[in-house]
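Work through the exercises below with the structure in view. Each task is followed by its solution.

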Amino acid sequence: MASLRELGSNFASEIDHRRIAFFMSLISHLVTPSISLENLHSLESVSHNKPMIWAVSHTSDVDMLIAFSALASERKKLNIATYATNIRDIAQAPWFLLMGLDNFHPISRSEKRTGNPALNPNEWLAMAKKMTSGYDMMIAAHKPSQGGILPLRAGIGSVILAQLTGLPIVPVSVVLSSQENLANKSILKALAALGNIIMLDLPSSQVIIGEPITLSERLSALQMKDFLVNIASGSQNPDTDYALTLIRTQAELVMLDLQKHLPRKMHPNQSLDI
């Protein structure tokens, strides 16, 4: 029988989820009033009782918003990892505080001149810790695209989380009937202020679940910690190079799944440069 503490914790989690789900759904339906969730049967190969990493396409500024709204009824403990600058932008809106700051996890936005990502180890370890306590994490599968076209290089965030936790990655493709108005990066500020949004020509949207990806090769906890620290400090050695190559190769699998479900006009013009 569950203790009073456990019951209280579960109740608090349920209230927290309902709060963010309500506001995310409200805002997403102002952007796209018709949202369909498709291919949910793909999840039959993984345990629904364990957390998942949702790697979402980022061909418009509202992909994550729409995906969260579509999945909120299926997943009751769903958090979002996003650029720290995004959180600062939308945190200016009074309703943001009502969504619960703990539901959002900041990612430092920078890249070293070597082309390697500049990762903050504390941010990624904190997200992994949250996931081990039973929460899903939603994260962009790649950097924001230009003009609605997938970039050549996959993002590695979902794979870092999978390496740290051993949990499956689920690619999620968001397809809008029209991106003409939503590819504009000023949409974040429009969402924050909820101003002029109803003047847009609102598209319908599809949220398509891809095949879950379980990593066939995992680094040890110590190797991952060393990798994050070395990348953050700019240190390079054979172990770090191997880890980065492995992670980027695994991230390619996520991008390939997105390409299966996104229209061909959104595919990169060249093969993926991982």
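Residues 24 or more positions apart account for 82% of the chain's contacts (heavy atoms within 4.5 Å) that have a separation of 6 or more. The model is predicted: local features need pLDDT of at least 70 and side-chain atom pairs pLDDT 80 or more, while totals for chains, interfaces and linings use all residues. Residues are numbered from 1 along each chain as its sequence is written, and side-chain values use heavy atoms, without hydrogens and water.

**Exercise 1.** State where Arg75 is found and whether Arg75 is buried or exposed.

*Solution.* Step one: Arg75 is in the loop between helix H2 (63–71) and strand E3 (78–83); helices (H or I, at least four residues) and strands (E, at least two) are DSSP runs, numbered from the N terminus. Step two: the relative accessible area of Arg75 is 8%. Buried means under 20%, exposed over 50%, and partly exposed in between, with a 1.4 Å probe and protein chains only, so Arg75 is buried.

**Exercise 2.** Find what lies by the side chain of Arg75.

*Solution.* Step one: a polar atom of this side chain lies 2.9 Å from the backbone oxygen of Lys50. Step two: the Arg75 side chain also has the side chain of Asp136 at 2.6 Å, as a polar contact.  Such a contact is a pair of N or O atoms within 3.5 Å; within protein, one must be able to donate a hydrogen and the other to accept it, and residues adjacent in sequence count only if both atoms are side-chain atoms.

**Exercise 3.** Give the number of helices and strands in the chain.

*Solution.* The chain has nine helices and seven strands.
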